[in-house]
Amino acid sequence: MDATGWTQNGKRIPSPDEIIFDERSVRVDLAVEAHEIASENTDGIPGIHMDQSQEENFKVSRMVVEDEKGARIIGKLPGRYVTIEVPELRKKDPELQEQISLLFAEEMKPFMTVPDDARVLIIGLGNWNVTPDALGPMVAESVFVTRHLFSLMPDLLDDGFRSVSAISPGVLGITGIETSEIVLGIVDHIKPDLVIAIDALAARSLDRVNTTIQIADSGIQPGAGVGNPRKALNRETLGVEVVAIGIPTVLDAATIASDAMELVLSHLDQRVPGTKQGDVIGRMTPEEKRAMVAEVLHPLGHNLMVTPKEIDEFVEDIAHVVALGLNLAIHKGLSIEDAKALTH
(Lines give C-alpha, C1' and ligand atoms only; values in the text may rest on other atoms or scores of the structure.)
Protein backbone atom coordinates (compact mmCIF):
# COMPACT_ATOMS: atom_id res chain seq x y z
CA MET A 1 0.00 0.00 0.00
CA ASP A 2 1.20 3.53 -0.72
CA ALA A 3 -0.05 7.05 -0.06
CA THR A 4 -2.43 6.83 -3.00
CA GLY A 5 -4.29 3.75 -1.76
CA TRP A 6 -4.21 0.15 -2.95
CA THR A 7 -5.52 -1.76 -5.92
CA GLN A 8 -7.89 -4.64 -6.43
CA ASN A 9 -8.15 -6.34 -9.84
CA GLY A 10 -6.06 -3.55 -11.28
CA LYS A 11 -8.36 -0.77 -10.04
CA ARG A 12 -7.44 1.77 -7.41
CA ILE A 13 -9.71 1.73 -4.36
CA PRO A 14 -9.41 3.75 -1.14
CA SER A 15 -7.44 2.63 1.86
CA PRO A 16 -9.33 2.45 5.19
CA ASP A 17 -7.91 5.84 6.18
CA GLU A 18 -9.30 7.44 3.02
CA ILE A 19 -12.87 6.28 3.49
CA ILE A 20 -15.24 9.23 3.88
CA PHE A 21 -18.68 8.48 5.36
CA ASP A 22 -20.75 11.69 5.08
CA GLU A 23 -19.68 14.95 6.61
CA ARG A 24 -19.32 13.53 10.12
CA SER A 25 -17.17 10.47 9.15
CA VAL A 26 -19.34 8.21 11.31
CA ARG A 27 -18.03 4.69 11.95
CA VAL A 28 -20.59 1.93 11.31
CA ASP A 29 -19.75 -1.77 11.66
CA LEU A 30 -22.72 -3.24 9.79
CA ALA A 31 -22.74 -2.53 6.07
CA VAL A 32 -26.55 -2.68 5.97
CA GLU A 33 -26.74 0.12 8.57
CA ALA A 34 -24.19 2.22 6.69
CA HIS A 35 -26.31 1.78 3.55
CA GLU A 36 -29.50 2.80 5.41
CA ILE A 37 -27.89 5.97 6.77
CA ALA A 38 -26.35 6.96 3.44
CA SER A 39 -29.59 6.34 1.50
CA GLU A 40 -31.95 8.23 3.84
CA ASN A 41 -32.45 11.06 1.35
CA THR A 42 -31.86 9.27 -1.93
CA ASP A 43 -33.40 6.43 -3.93
CA GLY A 44 -30.09 4.82 -4.86
CA ILE A 45 -26.36 5.03 -4.23
CA PRO A 46 -23.93 4.96 -7.17
CA GLY A 47 -21.61 1.97 -7.08
CA ILE A 48 -23.79 0.01 -4.64
CA HIS A 49 -25.92 -2.99 -5.57
CA MET A 50 -28.35 -4.19 -2.90
CA ASP A 51 -30.58 -7.26 -2.99
CA GLN A 52 -32.85 -8.31 -0.12
CA SER A 53 -35.02 -11.32 0.57
CA GLN A 54 -37.53 -11.72 3.41
CA GLU A 55 -38.59 -15.08 4.85
CA GLU A 56 -40.79 -15.92 7.80
CA ASN A 57 -38.01 -16.08 10.39
CA PHE A 58 -35.21 -14.07 8.81
CA LYS A 59 -34.15 -11.40 6.33
CA VAL A 60 -31.05 -11.60 4.13
CA SER A 61 -29.43 -8.51 2.61
CA ARG A 62 -26.76 -9.03 -0.05
CA MET A 63 -24.81 -5.90 -0.90
CA VAL A 64 -21.95 -5.37 -3.33
CA VAL A 65 -19.80 -2.25 -3.08
CA GLU A 66 -18.62 -2.11 -6.66
CA ASP A 67 -16.29 0.86 -6.84
CA GLU A 68 -14.49 3.68 -5.05
CA LYS A 69 -17.43 6.08 -5.29
CA GLY A 70 -19.80 3.72 -3.51
CA ALA A 71 -17.12 2.88 -0.94
CA ARG A 72 -16.65 6.56 -0.06
CA ILE A 73 -20.38 7.18 0.28
CA ILE A 74 -21.11 4.40 2.77
CA GLY A 75 -17.67 4.13 4.40
CA LYS A 76 -17.08 0.49 3.48
CA LEU A 77 -14.34 -0.98 1.35
CA PRO A 78 -15.33 -2.52 -2.00
CA GLY A 79 -16.48 -6.08 -1.67
CA ARG A 80 -19.44 -8.31 -0.89
CA TYR A 81 -21.45 -7.99 2.31
CA VAL A 82 -24.17 -10.43 3.40
CA THR A 83 -26.30 -9.62 6.44
CA ILE A 84 -28.62 -12.17 8.05
CA GLU A 85 -31.18 -10.65 10.44
CA VAL A 86 -33.09 -13.00 12.74
CA PRO A 87 -35.27 -11.08 15.25
CA GLU A 88 -36.27 -14.28 17.09
CA LEU A 89 -32.66 -15.41 17.57
CA ARG A 90 -32.72 -14.12 21.16
CA LYS A 91 -35.38 -16.66 22.15
CA LYS A 92 -33.06 -19.69 22.44
CA ASP A 93 -35.07 -21.78 19.97
CA PRO A 94 -32.89 -24.83 19.07
CA GLU A 95 -34.78 -25.49 15.82
CA LEU A 96 -34.37 -21.89 14.69
CA GLN A 97 -30.69 -21.92 15.63
CA GLU A 98 -30.12 -25.02 13.49
CA GLN A 99 -32.05 -23.40 10.62
CA ILE A 100 -29.84 -20.31 10.82
CA SER A 101 -26.69 -22.47 10.93
CA LEU A 102 -27.79 -24.10 7.66
CA LEU A 103 -28.64 -20.71 6.16
CA PHE A 104 -25.31 -19.27 7.29
CA ALA A 105 -23.47 -22.22 5.73
CA GLU A 106 -25.25 -21.63 2.41
CA GLU A 107 -24.45 -17.92 2.46
CA MET A 108 -20.81 -18.71 3.28
CA LYS A 109 -20.31 -20.98 0.28
CA PRO A 110 -19.98 -18.17 -2.32
CA PHE A 111 -17.19 -16.72 -0.16
CA MET A 112 -15.32 -20.04 -0.15
CA THR A 113 -13.52 -19.34 -3.44
CA VAL A 114 -10.71 -21.79 -2.69
CA PRO A 115 -10.04 -25.36 -3.89
CA ASP A 116 -11.49 -28.36 -2.08
CA ASP A 117 -8.04 -29.17 -0.68
CA ALA A 118 -7.41 -25.59 0.52
CA ARG A 119 -5.96 -24.88 3.97
CA VAL A 120 -8.23 -22.72 6.15
CA LEU A 121 -7.18 -20.69 9.19
CA ILE A 122 -9.91 -19.52 11.57
CA ILE A 123 -9.10 -16.49 13.73
CA GLY A 124 -11.25 -15.86 16.82
CA LEU A 125 -10.78 -12.15 17.50
CA GLY A 126 -11.61 -10.58 20.83
CA ASN A 127 -11.03 -10.77 24.56
CA TRP A 128 -12.14 -14.05 26.13
CA ASN A 129 -12.30 -12.33 29.54
CA VAL A 130 -15.02 -9.89 28.42
CA THR A 131 -18.30 -11.64 27.60
CA PRO A 132 -19.56 -9.38 24.77
CA ASP A 133 -16.12 -9.61 23.16
CA ALA A 134 -15.65 -13.36 23.67
CA LEU A 135 -17.56 -14.44 20.55
CA GLY A 136 -14.49 -14.95 18.35
CA PRO A 137 -12.58 -17.10 20.87
CA MET A 138 -15.71 -19.20 21.52
CA VAL A 139 -16.17 -19.91 17.81
CA ALA A 140 -12.48 -20.79 17.41
CA GLU A 141 -12.81 -23.21 20.32
CA SER A 142 -15.95 -24.83 18.87
CA VAL A 143 -15.01 -25.47 15.22
CA PHE A 144 -13.78 -28.85 13.99
CA VAL A 145 -10.01 -28.52 13.44
CA THR A 146 -8.34 -31.06 11.17
CA ARG A 147 -4.84 -29.82 10.26
CA HIS A 148 -3.17 -32.17 12.74
CA LEU A 149 -5.30 -35.09 11.56
CA PHE A 150 -4.08 -34.67 7.98
CA SER A 151 -0.52 -34.99 9.31
CA LEU A 152 -0.99 -37.72 11.92
CA MET A 153 -3.99 -39.75 10.67
CA PRO A 154 -4.53 -38.99 6.97
CA ASP A 155 -6.61 -42.15 6.44
CA LEU A 156 -9.19 -40.88 8.93
CA LEU A 157 -10.45 -38.12 6.63
CA ASP A 158 -11.86 -38.48 3.13
CA ASP A 159 -12.07 -36.02 0.24
CA GLY A 160 -14.93 -34.09 1.83
CA PHE A 161 -12.71 -32.45 4.45
CA ARG A 162 -10.35 -29.47 4.36
CA SER A 163 -7.32 -28.77 6.53
CA VAL A 164 -8.54 -26.40 9.25
CA SER A 165 -6.63 -24.74 12.08
CA ALA A 166 -7.96 -22.25 14.61
CA ILE A 167 -6.41 -19.69 16.96
CA SER A 168 -7.55 -16.98 19.38
CA PRO A 169 -4.74 -14.41 19.43
CA GLY A 170 -6.17 -12.38 22.31
CA VAL A 171 -5.95 -8.59 22.49
CA LEU A 172 -3.11 -6.12 22.87
CA GLY A 173 -3.89 -5.50 26.55
CA ILE A 174 -3.41 -9.20 27.36
CA THR A 175 -0.53 -10.19 25.08
CA GLY A 176 1.33 -6.92 24.55
CA ILE A 177 1.40 -7.83 20.85
CA GLU A 178 -0.74 -6.38 18.08
CA THR A 179 -3.29 -8.90 16.85
CA SER A 180 -2.21 -8.29 13.25
CA GLU A 181 1.40 -9.19 14.15
CA ILE A 182 0.34 -12.49 15.71
CA VAL A 183 -1.94 -13.39 12.80
CA LEU A 184 0.67 -12.41 10.21
CA GLY A 185 3.28 -14.59 11.95
CA ILE A 186 0.92 -17.58 11.91
CA VAL A 187 -0.04 -16.99 8.29
CA ASP A 188 3.62 -16.77 7.25
CA HIS A 189 4.34 -20.06 9.00
CA ILE A 190 1.41 -22.32 8.09
CA LYS A 191 0.54 -20.59 4.78
CA PRO A 192 -3.27 -20.98 4.66
CA ASP A 193 -5.21 -20.39 1.46
CA LEU A 194 -8.05 -18.67 3.29
CA VAL A 195 -8.40 -16.83 6.60
CA ILE A 196 -11.80 -16.60 8.30
CA ALA A 197 -11.90 -13.98 11.06
CA ILE A 198 -14.75 -13.81 13.60
CA ASP A 199 -15.32 -10.77 15.78
CA ALA A 200 -17.99 -9.03 17.85
CA LEU A 201 -19.35 -5.80 16.37
CA ALA A 202 -21.17 -2.68 17.54
CA ALA A 203 -24.62 -1.96 16.11
CA ARG A 204 -26.38 1.36 15.54
CA SER A 205 -29.80 -0.18 16.18
CA LEU A 206 -30.85 -1.98 19.34
CA ASP A 207 -32.98 -4.32 17.20
CA ARG A 208 -29.84 -5.70 15.54
CA VAL A 209 -27.92 -6.47 18.74
CA ASN A 210 -27.82 -10.25 19.28
CA THR A 211 -29.93 -10.87 16.16
CA THR A 212 -27.63 -10.25 13.19
CA ILE A 213 -24.76 -12.00 11.38
CA GLN A 214 -22.61 -10.23 8.79
CA ILE A 215 -20.28 -11.91 6.27
CA ALA A 216 -17.82 -9.83 4.23
CA ASP A 217 -14.85 -10.44 1.95
CA SER A 218 -13.30 -7.01 2.51
CA GLY A 219 -11.47 -7.94 5.71
CA ILE A 220 -11.94 -6.66 9.24
CA GLN A 221 -10.46 -4.04 11.58
CA PRO A 222 -10.44 -5.40 15.16
CA GLY A 223 -11.70 -2.98 17.83
CA ALA A 224 -13.13 -0.44 15.40
CA GLY A 225 -16.70 -0.84 16.68
CA VAL A 226 -15.78 0.37 20.18
CA GLY A 227 -13.49 3.16 19.03
CA ASN A 228 -10.24 1.24 19.52
CA PRO A 229 -9.25 0.30 15.95
CA ARG A 230 -6.22 -1.89 15.34
CA LYS A 231 -4.49 -2.70 12.08
CA ALA A 232 -6.84 -4.24 9.53
CA LEU A 233 -6.78 -7.92 8.62
CA ASN A 234 -7.34 -8.23 4.86
CA ARG A 235 -5.70 -9.52 1.71
CA GLU A 236 -3.38 -6.51 1.59
CA THR A 237 -2.01 -7.07 5.11
CA LEU A 238 -1.98 -10.90 5.19
CA GLY A 239 -1.41 -11.82 1.55
CA VAL A 240 -4.34 -14.30 1.45
CA GLU A 241 -8.09 -14.06 1.02
CA VAL A 242 -9.89 -12.99 4.20
CA VAL A 243 -13.56 -13.55 5.02
CA ALA A 244 -14.85 -11.61 8.04
CA ILE A 245 -17.79 -12.75 10.16
CA GLY A 246 -19.23 -10.30 12.66
CA ILE A 247 -22.12 -10.31 15.12
CA PRO A 248 -23.15 -7.10 16.95
CA THR A 249 -23.20 -7.65 20.70
CA VAL A 250 -23.03 -4.02 21.89
CA LEU A 251 -24.18 -0.51 21.01
CA ASP A 252 -23.17 2.83 22.45
CA ALA A 253 -25.12 4.78 25.06
CA ALA A 254 -25.56 7.71 22.68
CA THR A 255 -27.69 5.54 20.40
CA ILE A 256 -29.92 4.44 23.28
CA ALA A 257 -30.25 8.01 24.56
CA SER A 258 -31.07 9.29 21.08
CA ASP A 259 -33.75 6.64 20.58
CA ALA A 260 -35.19 7.38 24.03
CA MET A 261 -35.33 11.09 23.21
CA GLU A 262 -37.29 10.33 20.04
CA LEU A 263 -39.77 8.18 22.00
CA VAL A 264 -40.25 10.82 24.71
CA LEU A 265 -40.87 13.60 22.18
CA SER A 266 -43.30 11.40 20.26
CA HIS A 267 -45.13 10.54 23.49
CA LEU A 268 -45.35 14.21 24.50
CA ASP A 269 -46.68 15.18 21.09
CA GLN A 270 -49.41 12.55 21.41
CA ARG A 271 -50.31 13.46 25.01
CA VAL A 272 -50.14 17.25 24.54
CA PRO A 273 -50.65 17.91 20.81
CA GLY A 274 -49.83 21.30 19.38
CA THR A 275 -47.11 22.26 21.87
CA LYS A 276 -44.37 21.63 19.27
CA GLN A 277 -41.81 20.44 21.84
CA GLY A 278 -40.00 18.41 19.20
CA ASP A 279 -39.95 20.94 16.36
CA VAL A 280 -36.24 21.78 16.61
CA ILE A 281 -35.08 18.22 17.17
CA GLY A 282 -37.62 16.93 14.67
CA ARG A 283 -35.83 18.77 11.88
CA MET A 284 -32.59 16.92 12.62
CA THR A 285 -31.65 13.66 10.93
CA PRO A 286 -31.21 10.56 13.13
CA GLU A 287 -27.43 10.83 12.74
CA GLU A 288 -27.46 14.52 13.71
CA LYS A 289 -29.50 13.67 16.81
CA ARG A 290 -27.12 10.89 17.75
CA ALA A 291 -24.09 13.12 17.18
CA MET A 292 -25.62 15.79 19.43
CA VAL A 293 -26.27 13.28 22.23
CA ALA A 294 -22.75 11.85 21.89
CA GLU A 295 -21.30 15.35 22.10
CA VAL A 296 -23.19 15.96 25.36
CA LEU A 297 -22.31 12.59 26.90
CA HIS A 298 -18.65 12.35 25.95
CA PRO A 299 -17.22 15.07 28.26
CA LEU A 300 -19.19 13.55 31.14
CA GLY A 301 -17.64 10.15 30.57
CA HIS A 302 -21.03 8.60 29.88
CA ASN A 303 -20.55 7.53 26.26
CA LEU A 304 -20.56 3.87 27.27
CA MET A 305 -20.84 0.65 25.27
CA VAL A 306 -23.96 -1.22 26.38
CA THR A 307 -24.93 -4.88 26.08
CA PRO A 308 -28.10 -6.81 27.11
CA LYS A 309 -28.03 -8.61 30.45
CA GLU A 310 -28.53 -11.99 28.72
CA ILE A 311 -25.32 -11.57 26.76
CA ASP A 312 -23.56 -14.58 28.32
CA GLU A 313 -26.23 -17.02 27.12
CA PHE A 314 -26.49 -15.35 23.72
CA VAL A 315 -22.76 -15.41 23.02
CA GLU A 316 -22.64 -19.14 23.76
CA ASP A 317 -25.64 -19.80 21.52
CA ILE A 318 -24.50 -17.68 18.56
CA ALA A 319 -20.96 -19.05 18.80
CA HIS A 320 -22.43 -22.53 18.38
CA VAL A 321 -24.62 -21.36 15.46
CA VAL A 322 -21.62 -19.86 13.66
CA ALA A 323 -19.28 -22.77 14.43
CA LEU A 324 -21.84 -25.30 13.18
CA GLY A 325 -22.37 -23.26 10.01
CA LEU A 326 -18.62 -22.96 9.43
CA ASN A 327 -18.13 -26.70 9.83
CA LEU A 328 -20.82 -27.32 7.20
CA ALA A 329 -19.48 -24.69 4.81
CA ILE A 330 -15.81 -25.72 5.07
CA HIS A 331 -16.19 -29.51 5.10
CA LYS A 332 -18.39 -30.62 2.22
CA GLY A 333 -18.30 -34.20 3.49
CA LEU A 334 -20.19 -33.39 6.70
CA SER A 335 -23.89 -34.03 7.14
CA ILE A 336 -25.82 -31.85 9.56
CA GLU A 337 -25.83 -34.67 12.13
CA ASP A 338 -22.08 -35.22 11.80
CA ALA A 339 -21.44 -31.47 12.03
CA LYS A 340 -23.55 -31.23 15.20
CA ALA A 341 -21.56 -34.07 16.76
CA LEU A 342 -18.22 -32.44 15.88
CA THR A 343 -19.15 -28.89 16.96
CA HIS A 344 -18.03 -28.51 20.57
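**View 1. Arg 119 and Asp 193 form a salt bridge in this predicted model.** The closest N and O atoms of Arg 119 and Asp 193 are 3.8 Å apart, where a salt bridge is a side-chain nitrogen of Lys or Arg within 4 Å of a carboxyl oxygen of Asp or Glu. Arg 119 lies in strand 6 (residues 119–124) and Asp 193 in the loop between helix 7 (179–190) and strand 8 (194–202), so the pair ties together parts that are 74 residues apart in sequence. Helices (H or I, at least four residues) and strands (E, at least two) are DSSP runs, numbered from the N terminus. Arg 119 is partly exposed at 36% relative accessibility, and Asp 193 is likewise partly exposed, with a relative accessible area of 29%; here buried means under 20% relative accessible area, exposed over 50%, and partly exposed in between (1.4 Å probe, protein chains only).

The model is predicted, and local features need pLDDT of at least 70, side-chain atom pairs count only at pLDDT 80 or more, and totals for chains, interfaces and linings use all residues. Residues are numbered from 1 along each chain as its sequence is written, and side-chain values use heavy atoms, with hydrogens and water left out.

**View 2. Glu 98 and Lys 340 meet through their side chains in a salt bridge.** The N to O distance of this pair is 3.1 Å. From C-alpha to C-alpha, Glu 98 and Lys 340 are 9.2 Å apart in space. Not counting residues up to four places away in sequence, Glu 98 touches Ile 336 and Lys 340, a contact meaning heavy atoms within 4.5 Å. Glu 98 is partly exposed, at 27% relative accessibility, and Lys 340 is also partly exposed, at 34%.

**View 3. Arg 80 and Asp 217 form a salt bridge between distant parts of the chain.** The closest N and O atoms of Arg 80 and Asp 217 are 3.0 Å apart. Arg 80 is in strand 5 (residues 79–85), while Asp 217 is in the loop between strand 9 (212–216) and helix 8 (235–238), and the two residues are 137 residues apart. Arg 80 is partly exposed, with a relative accessible area of 28%, and Asp 217 is partly exposed at 25%.

**View 4. Helix 3 (residues 94–108) packs with helix 12 (residues 311–330).** The angle between helix 3 and helix 12 is about 45 degrees, and their axes are 8 Å apart; axes are lines fitted to C-alpha atoms, for helices over the stretch in contact, and angles run from 0 to 180 degrees between N-to-C directions. Helix 3 and helix 12 are therefore oblique to each other, since angles under 35 degrees count as roughly parallel, over 145 as roughly antiparallel, 65 to 115 as roughly perpendicular and the rest as oblique. Residues making the contact include Ile 100, Leu 102 and Phe 104 of helix 3 and Val 321, Leu 324 and Leu 328 of helix 12.

**View 5. Glu 33, Glu 36, Glu 85 and Arg 208 are linked in a network of salt bridges.** For the setting of this view, the count of salt bridges comes to 17, and the protein chain has 13 helices and 11 strands. Of its 344 residues, 47% count as buried.
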